[in-house]
Every structure is written in C-alpha cells, then in structure tokens.
Amino acid sequence: MDRSVDVVVVGAGVAGLVAARDLVRGGADVLVLEARDRVGGRLLNAELPGGVPIEVGGQWVGPGQDRALGLIEALGLRTYPTYGEGRHIAEIGSSRSRYTGRIPRVNPLVLADIGQAQYRLDRLARRVAAAGPWQAHDAEKLDAQTFDTWLRKTARTTAGRAFFRLVTEAVFSAEPEDMSALWAAFYVGAAGGLDPLINTEGGAQQDRVVGGTQRIALALAQELGDRVALEAPVADVDWEASGVRVVTRRGLTVRARRAVIAVPPPLTARIRFTPGLPGDRDHLVQRMPMGRVIKVNVAYDEPFWRHEGLSGQANSTHRALGTVFDNTPFGGSPAVLVGFLEGRHADVAARLDTGARRELVIDDLVGYFGPRARNPIAYIERDWADEEYSRGCYGAFTAPSTLTRFGCALRTPVGPVHWAGTETATKWAGYIDGAAESGHRVAHEILPAVLPALA
C-alpha cells in the first residue's frame with residue numbers, strides 16, 4: 001500500500017494531532033500514523049463502575065496554559081475544578097499536619113529552609129527559561145551537576161531536602177539525582193515558577209476536563225477523520241532534501257514533502273532513519289529517558305474523606321504513594337482517590353505482583369485517611385513504563401551535560417524532518433499545553449515550505 005501526501009505526522013498524541021489540524025487548515029494534505037489502536041498518546045481514559053470515564057494518563061490543566069485551555073474551548077469541551085475543599089494532609093519528615101491553604105504546619109525552621117530554597121530555584125528558573133537553557137549564564141556549570149547536587153547545596157535541612165525530593169518525584173516522576181540541574185531549572189521556569197507547578201487552585205492541577213482529557217485527542221481525531229491511521233507503527237524513515245519515505249511495520253508506505261515526528265524522545269531512537277540522523281540529534285535522544293510512574297485510581301461508594309472534612313489531597317515524604325488527590329468524576333459518583341507511585345517508588349512497586357502492589361497502595365491510603373480506605377469498590381492502575389509506545393510518563397528529561405552539548409538539536413529540523421512533542425516546548429514543557437505549543441510550532445515551520453508547492 002502506498003500513499004502520497006504533503007505532510008506525514010508520526011504520532012497521534014496532542015502534539016501530532018494539533019500539528020495535523022493546523023496543517024490541514026492551512027491547505028496541506030496530511031496523514032497521521034499512530035502505532036496504537038487509539039489516539040491520545042499519554043492521554044487515556046478508562047472506565048469506573050457504571051461506565052464512568054476516569055483518566056489513567058495526563059489529566060489536569062490550569063491557569064496560564066492558554067494553548068490547552070483555548071483548544072479545550074474550541075473543541076466544545078468543558079472543565080471543572082479539582083476538589084479541594086477541607087483540610088489537606090502533609091507528612092514532611094517526622095511531622096504530620098492537617099491544614100488548609102497552601103502552607104502545611106511544620107517546623108518553622110523547615111518552612112524557612114523550603115522558602116529560601118524555592119526562592120533561589122525560582123530566581124534561577126526565570127533566568128534559565130528567559131535565555132534558553134543552553135544559552136543561560138552558568139549553563140555548563142548547572143548542566144554538569146544533577147538536580148540533587150544543586151538541592152544539597154541549597155536546602156539546609158533534612159526535611160527540606162526530603163520535601164524537594166517529593167516535589168521532584170511528583171513533577172518529573174523521577175529522582176533529583178536522575179536529571180540535570182539545568183533541565184530542572186528550565187522546566188520550572190517554563191511553567192512560571194515552582195508554585196504554578198505544584199499548586200492545585202491557581203496551579204497546574206486546578207482543572208479537569210469533563211469526560212476525561214482523552215476527549216481532547218478524540219475530538220481532534222474526529223475532526224481529522226480518515227487522515228488518522230491507527231495501528232500503523234513506523235519502522236523506517238528515508239529522507240532527503242526533497243522529501244521523506246515513511247514505512248510502517250504493516251507495509252504501508254507514505255511519501256511526503258515533510259514529516260513531523262511527534263513521539264516521546266526515546267522512541268525516536270527506535271525508528272530507523274536513512275541516512276542516519278546527525279550525531280547531535282542522536283546523542284540527544286540517547287540522553288533523554290522517560291520518567292516512571294504507576295497511576296492508581298481507587299474508587300469508593302462515597303467520598304468518606306469529605307464527610308470528615310478532608311480534601312482528599314495528601315503528600316508524604318516517606319510513603320510510596322507520595323501524592324494523592326480526590327479524583328471523583330464530574331457527576332460525583334463513584335468517589336475516587338488517585339495516587340501516584342513515582343520514580344524509585346515505581347521501580348520497586350513494578351517488581352511486585354498485582355496483589356502486593358494493590359496492598360501497598362491501599363495501606364498508604366489507610367495511613368492517610370483511616371480504615372474506611374480499606375474497602376474500595378474498584379482499583380484501576382496503569383504502569384506507563386509498560387506502555388510500548390510511551391515507555392514512561394510524565395515526560396522525558398535530560399541527563400547531566402546533555403542540554404549544553406546537544407540541546408540545540410531539540411527543535412532543529414533535520415532536512416524535511418521536524419520534531420514535535422511536549423518535551424520540545426518553551427512553555428509548560430511536559431504538559432498538554434506544551435504538546436499543543438509544539439504542534440502549532442511545527443505547522444508554522446512547515447506551511448511556508450509546503451504552500452508554494454500547493455499553489
């Protein structure tokens with residue numbers, strides 16, 4: 001089977017679908033190739049008892065994520081706030097508190113340490129994001145060290161360092177020693193600071209999409225119609241200045257003037273490019289692993305925590321299930337708590353059998369919310385490292401000494417091949433908003449080159 005189009009897009013996540021939509025609206029003939037039997041990439045809905053959709057992949061949007069919010073509105077979808085009424089639970093170091101507002105009641109010295117470290121991180125992040133990470137002042141010095149090294153020099157208390165480890169796990173689904181301090185600073189800066197990343201009200205976890213966030217991808221794909229081909233994993237991309245020849249594992253060959261590769265960076269290395277990609281690009285993706293997370297939704301007959309004056313939001317620096325939210329769907333039933341096994345906790349939990357992992361999760365929920373958490377009516381988990389065409393979540397990050405050596409290849413096209421995906425964004429990298437930004441960017445890159453040929 002052979003097809004000829006103006007642009008072939010590899011990957012039907014938000015980045016690829018937004019790029020395809022913009023290109024079609026610009027007059028280009030486009031075909032999207034998706035390896036899975038569904039669209040959405042790292043956005044995925046499952047079903048609760050009664051058929052109610054629940055997100056097992058990415059799910060939140062918040063203020064400042066204008067591209068994602070604009071896309072949701074344009075597609076006729078609605079958002080609703082994450083439940084946050086009542087007291088939150090924080091276990092930081094040896095202290096446990098129930099609190100309202102943003103700041104838990106812990107040792108004042110620990111709070112002061114967290115505050116000064118966050119101030120320094122935000123100041124650094126603003127500088128790095130404004131300049132472009134590999135062009136920032138002291139970029140090589142920052143990139144040569146892990147984020148853990150930077151935190152150990154900056155946070156002065158054991159509990160303060162434990163707090164930032166928890167934050168790193170919650171934001172990156174990785175450990176501070178895994179990533180470059182320069183990448184961490186860029187990522188924080190791309191969101192406008194640490195508070196927008198970790199806050200619920202006023203932050204990245206503020207809102208959810210009615211019916212689940214996969215509806216964004218489903219609506220985009222519906223608009224594109226038969227321009228989206230499922231179960232079409234790409235094996236080969238042959239390229240030259242005049243165009244590309246893309247071959248799937250199932251025998252479909254697509255010839256196009258341009259190609260958009262909109263898959264997680266590590267998966268790019270699994271596609272055979274002929275001729276081979278430039279060394280900078282190849283070494284970049286070799287040094288961009290995915291984070292690791294197991295997301296767990298636990299459903300109950302009723303939101304018992306709300307009856308006890310709790311919001312369902314909980315964090316702990318020592319539990320495997322370090323972050324928990326009330327994830328009850330829009331209709332209010334069934335009641336749901338969602339928790340995350342992230343970074344090293346996901347490593348350990350993934351080696352357990354399903355029953356032991358479930359017991360681990362439920363034990364932590366009981367530790368947070370009491371014995372009523374012991375008896376759920378449903379337990380839904382998703383290990384994103386097991387997803388063949390994701391191999392992790394929430395996103396990729398760079399190892400030390402990667403951005404300054406190879407970061408210039410992150411967005412730079414290689415001949416007719418262009419790169420999309422949330423990791424390539426300049427704002428809200430790692431989020432739905434960043435994916436949408438990257439899709440708009442590559443369409444803007446491609447259309448001027450394709451339109452003269454169309455005319």
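Start with Arg391, in the loop between strand 19 (378-383) and helix 15 (403-406). Helices here are DSSP runs of H or I with at least four residues, strands are runs of E with at least two, and both are numbered from the N terminus. The phi of Arg391 is near 60°, a positive value in a residue other than glycine. Arg391 is partly exposed, because its relative accessibility is 32% and that class lies between buried, under 20% relative accessible area, and exposed, over 50% (1.4 Å probe, protein chains only).

A word on the model. It is predicted, so local features need pLDDT of at least 70, side-chain atom pairs count only at pLDDT 80 or more, and totals for chains, interfaces and linings use all residues. Residues are numbered from 1 along each chain as its sequence is written, and side-chain values use heavy atoms, with hydrogens and water left out.

Back to backbone geometry. Ser173 also has a positive phi, near 50°, and is not a glycine. Ser173 sits in the loop between helix 6 and helix 7. Is Ser173 buried or exposed? Buried, because its relative accessible area is 1%.

Next, cis peptides. One joins Thr274 and Pro275, with omega about -5°. Pro275 falls in the loop between strand 14 (272-274) and helix 11 (279-286). Another cis peptide bond joins Ser333 and Pro334, again with omega about -5°. Pro334 belongs to the loop between strand 17 (321-326) and strand 18 (335-342).

Helix 9 spans residues 214-224. Its buried residues are Gln214, Ile216, Ala217, Ala219, Leu220, Ala221 and Leu224. After helix 9 comes Gly225, with a positive phi near 65°.

The whole structure has 28 salt bridges. Arg25 and Glu223 form one of them, at 3.0 Å, N to O. Arg25 is in helix 1 (residues 14-25) and Glu223 in helix 9, so this pair ties together parts 198 residues apart in sequence. Arg25 is exposed, at 56% relative accessibility. Glu223 is partly exposed, at 37%.

What does Arg319 pair with? Its salt-bridge partner is Glu91, with the closest N and O atoms 2.9 Å apart. Arg319 lies in the loop between strand 16 (310-316) and strand 17, while Glu91 lies in strand 7 (residues 87-92), so the pair ties together parts 228 residues apart in sequence. Both ends are covered. Arg319 is buried at 16% relative accessibility, and Glu91 is buried at 4%.

Arg441 and Glu445 meet at 2.9 Å, N to O. Both lie in helix 16 (residues 432-454), four residues apart, about one turn of the helix. An α-helix has 3.6 residues a turn, so residues three or four places apart point the same way. Arg441 is buried, with a relative accessible area of 16%. Glu445 is partly exposed, at 26%. Elsewhere, salt bridges with shared partners join Asp148, Arg152, Arg165, Glu169, Glu175, Glu177 and Arg344 into one network.

On to aromatics. Rings of Phe, Tyr and Trp (its six-membered ring) pair if their centres lie within 6.5 Å; planes under 30 degrees apart count as stacked, over 60 as edge-to-face, and the rest as tilted. The count is 17 aromatic pairs. Trp183 and Tyr187 make a tilted pair, 6.4 Å centre to centre and 40° between the planes. They lie four residues apart in helix 7 (residues 181-190), about one turn. Phe304 and Trp305 are edge-to-face, at 5.0 Å and 80°. Phe304 is buried at 2% relative accessibility, and Trp305 is buried at 0%.

Which residues do ring pairs link into a cluster? Phe172, Trp183, Phe186, Tyr187, Trp428 and Tyr431.

Last, the surface. Arg120, Arg123, Arg126, Arg127 and Arg156 form a positive patch. Patch residues have over 30% relative accessible area and no salt bridge, with like charges joined within 9 Å and nonpolar side chains (Val, Leu, Ile, Met, Phe, Trp, Tyr) within 5 Å. Arg156 is in the loop between helix 5 (147-154) and helix 6 (158-172). Arg156 is exposed, with a relative accessible area of 57%.

Notes: Accessible areas come from the Shrake-Rupley method with a 1.4 Å probe; for residues, only the protein chains shown count as cover. A salt bridge is a side-chain nitrogen of Lys or Arg within 4 Å of a carboxyl oxygen of Asp or Glu. Lys and Arg count as positive and Asp and Glu as negative; His and the chain ends are not counted. The place of a charge is taken as NZ of Lys, CZ of Arg, CG of Asp or CD of Glu.
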